[in-house]
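Here are some notes to read alongside the model you asked about. Take them one at a time, and keep the structure open while you do.

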Amino acid sequence: MPEDSVKVAVRVRPFNQREMDRQAKLIIKMQGSMTSIQNPETPKDEPKKFSFDYSYWSHDGFVTQDDGFLEATPGSQYASQKKVFADLGQGVLDNAFEGYNCSLFAYGQTGSGKSYSTFGYGSNKGIVPTTCDELFKAIDGNKDDNKRFEVTLSILEIYNEQVRDLLSKDNPKGGLQVRQNPSLGMFYVQDLKKVPVGSYAEIVKRMDQGTSNRTVASTNMNATSSRAHTLVTIVFDQIIRNNAGQETKKTSIMNLVDLAGSERADSTGATGDRLKEGANINRSLSALGNVISALAEQSMGKKTMVKYRDSVLTKLLQNALGGNSKTLMIAALSPADINYDETLSTLRYADRAKKIKNQAVINENPMD
Ligand code: ADP
Ligand code: MG
């Protein structure tokens, strides 16, 4: 079976206000596929070097257009949202049309740019909305009478190891149940809403609904950032009729994940409830880390158990990580010396993820 490595992208954002106020120094460099990071405490040492499939310099070299869009200045290497979509989102879309499952997840500490890359802000639309927009443009442009399309959307949040349906107003106390399909072995969320969507505008409306249902708690790191994992799932069906009138269905499941901040609980100044959240977030993320490590070892020929059952996140991402999916990870980086430890740990995490090999197959079956 053909193997697909998990593709890994890194992206470094501009300094934020806090970093500017503290006169932070730039410790990230990118050259070709190389990203290097300088330990600010040992400036004479060689920087640590990593290489990834995609490297996006979004630190400087941009102008803000009238509508707020950040565009590269001529000759700069600034990677705009358009550029990132052209590389990553377009690939997701193409794979979805071929009938592959696709997954994209954004990893990094709070404030590093995960939501910016996945969802975006204002006219700087991220990969998820642009992919949905282009999906419906392609559907609307279809002239083949023998093809029909069905799109459904679900949005959930994992918070303190509990699943909340973001398209629902009344979630049960304690969250929705995660169950395992007895025949297929896959995990799923019981009673999660899957709404059919017929246009991009409808998806936007649903996304906004999802955002307003999110659990927002403030931490010292970033007041508006969620401490939860957000998972958007789009199921894209193409029903194709052949000359004999028989129909087949191609299905692509797209899992788009904005992970909670990867920082250690103690670096956020969290106490009490916030600390408990941090512990649970780290439980899910450390389970994810363990799964990634185990899969990386497996792909290098070692026999290792992969413990998907250790957290809700890894249960739901089982296919995305070790199964039938073309998977992309975006590691979001702060450029600043004051975040050195967290950024280095993000780079190491990303470095392990790129070793994972999946087996994506086209999901095509006769209609029953
Ligand atoms: P996270 O989701 O990781 O907590 P955000 O995506 O919310 O972080 O980003 C934090 C801040 O940095 C936001 O104000 C966002 O607009 C800005 N930012 C992040 N990435 C970029 C980028 N590539 N270019 C410009 N601004 C960015
Ligand atoms: Mg965010």
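1. Ground rules first. This is a predicted model, where local features need pLDDT of at least 70 and side-chain atom pairs count only at pLDDT 80 or more, while totals for chains, interfaces and linings use all residues. Residues are numbered from 1 along each chain as its sequence is written, chains are lettered from A and ligands numbered from 1 in the order in which they are written, and side-chain values use heavy atoms, with hydrogens and water left out.

2. Start with helix H4 (residues 127-140) and helix H5 (residues 200-212), whose axes come within 9 Å and cross at roughly 155°. Helices here are DSSP runs of H or I with at least four residues, strands are runs of E with at least two, and both are numbered from the N terminus. The axes are lines fitted to C-alpha atoms, for helices over the stretch in contact, and the angles run from 0 to 180 degrees between N-to-C directions. H4 and H5 are therefore roughly antiparallel to each other (angles over 145 degrees count as roughly antiparallel, under 35 as roughly parallel, 65 to 115 as roughly perpendicular and the rest as oblique).

3. Who does the touching in that pair? On the H4 side they are Val128, Pro129, Cys132, Asp133 and Phe136, and on the H5 side Tyr200, Ile203 and Met207. Contact means heavy atoms within 4.5 Å. Sorted by type, the contact of H4 with H5 has seven nonpolar residues, no polar ones and one charged. For that sorting, Ala, Val, Leu, Ile, Met, Phe, Trp, Tyr, Cys and Pro count as nonpolar, Asp, Glu, Lys and Arg as charged, and the others, Gly among them, as polar.

4. H4 also packs against helix H2 (residues 81-98), at an angle of about 50° and with the axes 10 Å apart. That makes H2 oblique to H4. H2 brings Val84, Phe85, Leu88, Gly89, Val92, Leu93 and Phe97 to the contact, and H4 brings Ile127, Thr130, Thr131, Glu134, Leu135 and Ala138.

5. Now the cores. How many residues does the largest nonpolar core have? It has 48, and Leu288, Leu316, Leu321 and Met329 are those with the most contacts inside it. Leu288 is in contact with Phe105, Leu259, Leu313, Thr314, Leu317, Leu321 and Tyr349, leaving aside neighbours within four places in sequence. Apart from that core lies another, of 35 residues, among them Ala79, Leu88, Leu104 and Leu328. (A nonpolar core is a set of buried Ala, Val, Leu, Ile, Met, Phe, Trp, Tyr and Cys residues joined through side-chain atoms within 4.5 Å.)

6. Is Val8 buried or exposed? Val8, found in strand S2 (residues 7-12), is buried, with a relative accessible area of 0%. Buried means under 20% relative accessible area, exposed over 50% and partly exposed in between, using a 1.4 Å probe and protein chains only.

7. Leu153 sits in strand S12 and counts as buried at 1% relative accessibility. Setting aside residues up to four places away in sequence, Leu153 touches Leu167, Lys193, Lys194, Val195, Val197, Ile203, Arg206, Val232, Thr233 and Ile234. Its C-alpha atom is separated by 13 Å from that of Leu135, 18 residues apart along the chain.

8. Gln23, between helix H1 (17-21) and strand S3 (28-31), has a phi near 45°, a positive value in a residue other than glycine. At 66% relative accessibility, Gln23 counts as exposed. Asn160, in the loop between strand S12 (147-159) and strand S13 (162-165), has a positive phi of about 55° and is not a glycine either. Most residues other than glycine have a negative phi.

9. Last, Gln190 lies in the loop between strand S15 (187-189) and strand S16 (195-196). At 27% relative accessibility, Gln190 counts as partly exposed. Residues up to four places away aside, Gln190 touches Leu176, Gln177 and Arg179.
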